[in-house]
Amino acid sequence: MPSPPLVPEDSAIDVQHLGRMTLGEAALEAEVLALFSAQSGELIARLKTMPADAGALAHTLKGSARAIGAFRVAEAALGLESAMKNDGDLASAMARLQ
């Protein structure tokens with residue numbers, strides 16, 4: 001199966017990718033999206049305070065976002081992860097993620 005583009009079109013979720021990951025089951029898609037919505041909100045709230053485990057939180061968010069096809073969120077989480085590792089502009093990276 002070919003890899004999806006890093007940042008597909010303008011939609012928040014790549015629904016084709018999500019469909020592949022859920023085998024086209026609409027109820028599972030809805031459940032996965034609801035779980036991601038709750039998890040991402042919690043992770044971003046925690047990331048705002050830059051706790052000691054912020055790198056792991058950003059990494060978790062990146063993986064979850066990629067799994068459901070939220071590639072722009074994944075790229076923003078990667079940007080925050082990179083900023084933390086490379087002494088980059090955390091404020092800008094966090095603003096992009098939010």
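Colleague: Which residues is leucine 47 in contact with, leaving aside its neighbours within four places in sequence?

Modeller: They are Ala54, Leu57, Ala58, Leu61, Leu80, Met94 and Leu97. Contact means heavy atoms within 4.5 Å. This is a predicted model, where local features need pLDDT of at least 70, side-chain atom pairs count only at pLDDT 80 or more, and totals for chains, interfaces and linings use all residues. Residues are numbered from 1 along each chain as its sequence is written, and side-chain values use heavy atoms, with hydrogens and water left out.

Colleague: What makes lysine 62 count as buried?

Modeller: Its relative accessibility is 10%. Buried means under 20% relative accessible area, exposed over 50%, and partly exposed in between (1.4 Å probe, protein chains only). Lysine 62 therefore counts as buried.

Colleague: Why is leucine 28 called partly exposed?

Modeller: Leucine 28 has a relative accessible area of 31%.

Colleague: Which residue forms a salt bridge with aspartate 53?

Modeller: Arginine 46, with the closest N and O atoms 3.2 Å apart. Aspartate 53 is partly exposed at 32% relative accessibility, and arginine 46 is partly exposed at 36%. By contrast, both glutamate 81 and lysine 62 are buried.

Colleague: Why do the buried residues of α2 line one face of the helix?

Modeller: Seen down the axis of α2, they fall within an arc of 90°, so they line one face. The arc is that of the directions from the helix axis to the C-beta atoms. The residues are Phe36, Ser40, Leu43, Ile44 and Leu47. They pack against α3, α4 and α5. The face turned away carries the exposed residues Ala27, Leu35 and Glu42.

Colleague: Which residues have the most contacts inside the largest nonpolar core?

Modeller: Leu47, Leu61, Leu80 and Leu97, in a core of 21 residues. Such a core is a set of buried Ala, Val, Leu, Ile, Met, Phe, Trp, Tyr and Cys residues joined through side-chain atoms within 4.5 Å. α3 gives the most to this core, with six residues.

Note on methods:
Helix = DSSP H or I, 4+ residues; strand = E, 2+ residues; numbered from the N terminus. Salt bridge = Lys/Arg side-chain N within 4 Å of Asp/Glu carboxyl O.
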